[in-house]
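Thanks for coming, everyone. Please look at the sequence and the model as I talk.

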Amino acid sequence: MGNLPYNTTEHQLQAVLGAAGEIVNVAIPVDRATGRPRGFAFVEFASEEIAQQAITKFDGQDFEGRPLRVNMAEDRPPRRPFSPGGPSFGGPRPPSVNNFPDDRDDGGGRGGFSGGGGGGGGRPRGNSKGSRRGLRARKRSL
């Protein structure tokens, strides 16, 4: 069910939707960053028939000034593997070249910089912080 006001509670939904039949479970997902409800809920009824009755009875009905959207929950499509043209959040990543392998001092007399005269970026070799992505890559390679 969707288009819920952000201050909706599970008890309110049970009170309203209970008119259709027995409710087994009500879950209102919250936003990870803010902890605030996301404006929709999952309501599990005792049977498929009761769920259909709730859909026909409450879909489009006014709830605290908003028209409810009541429908059957659909399974999420499976996530696709890494694609070069699209965003990738947590999927497999192509191997990267690590220009800063570790914090060893090779004693080459380059004054703490890597690359010599070939334009190696001019980054200090002894910097152990690096970027977040570099740190994660190093942790994964261990």
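Start with F58. Leaving out residues up to four places away in sequence, F58 touches V16, L17, A19, A20, L68 and V70. Contact here means heavy atoms within 4.5 Å. A word on what you see: this is a predicted model, where local features need pLDDT of at least 70, side-chain atom pairs count only at pLDDT 80 or more, and totals for chains, interfaces and linings use all residues. Residues are numbered from 1 along each chain as its sequence is written, and side-chain values use heavy atoms, with hydrogens and water left out.

V70 lies in the loop between β4 (66–67) and α3 (132–141). Helices (H or I, at least four residues) and strands (E, at least two) are DSSP runs, numbered from the N terminus. The C-alpha atoms of V70 and F58 are separated by 6.5 Å, and the two residues are 12 apart along the chain. Is V70 buried or exposed? V70 counts as buried, because its relative accessibility is 9%. The cut-offs: buried is under 20% relative accessible area, exposed is over 50%, and partly exposed is in between, with a 1.4 Å probe and protein chains only. Again not counting residues up to four places away, V70 touches M1, A54, I55, F58 and D59.

Next, the helix α2. Its buried residues are I50, A51, A54, I55 and F58. Why are they on the same side of α2? They cover an arc of only 145 degrees around the axis, so they share that side. The arc is taken from the directions from the helix axis to the C-beta atoms. On the other side of α2, E49 and T56 are exposed. What covers the buried residues of α2 includes α1 and β2 (42–45). After α2 comes G60, with a positive phi near 90 degrees.

Then Q61. Q61 is placed in the loop between α2 and β3 (62–63). Its relative accessible area is 43%, so Q61 is partly exposed. Beyond its neighbours within four places in sequence, Q61 is in contact with R66, P67 and L68.

On to the core. A nonpolar core is a set of buried Ala, Val, Leu, Ile, Met, Phe, Trp, Tyr and Cys residues joined through side-chain atoms within 4.5 Å. The largest one has 18 residues, and M1, L4, L13, F45, F58 and L68 touch the most other members. Two or more residues come from each of α1 (10–17), β1 (23–27) and α2 (48–58). The largest share, 5 residues, comes from α2.

Now the rings. How many aromatic pairs does a search of the whole structure find? It finds 1. The ring centres of F40 and F42 are 5.7 Å apart and the planes stand at 90 degrees, so the pair is edge-to-face. Rings of Phe, Tyr and Trp (its six-membered ring) pair if their centres lie within 6.5 Å; planes under 30 degrees apart are stacked, over 60 edge-to-face, the rest tilted. F40 is partly exposed at 26% relative accessible area. F42 is partly exposed too, at 45%.

Last, the whole chain. There are 3 helices and 4 strands. From the N terminus on, they run α-β-β-α-β-β-α. Of the 142 residues, 16% count as buried. That's the tour.
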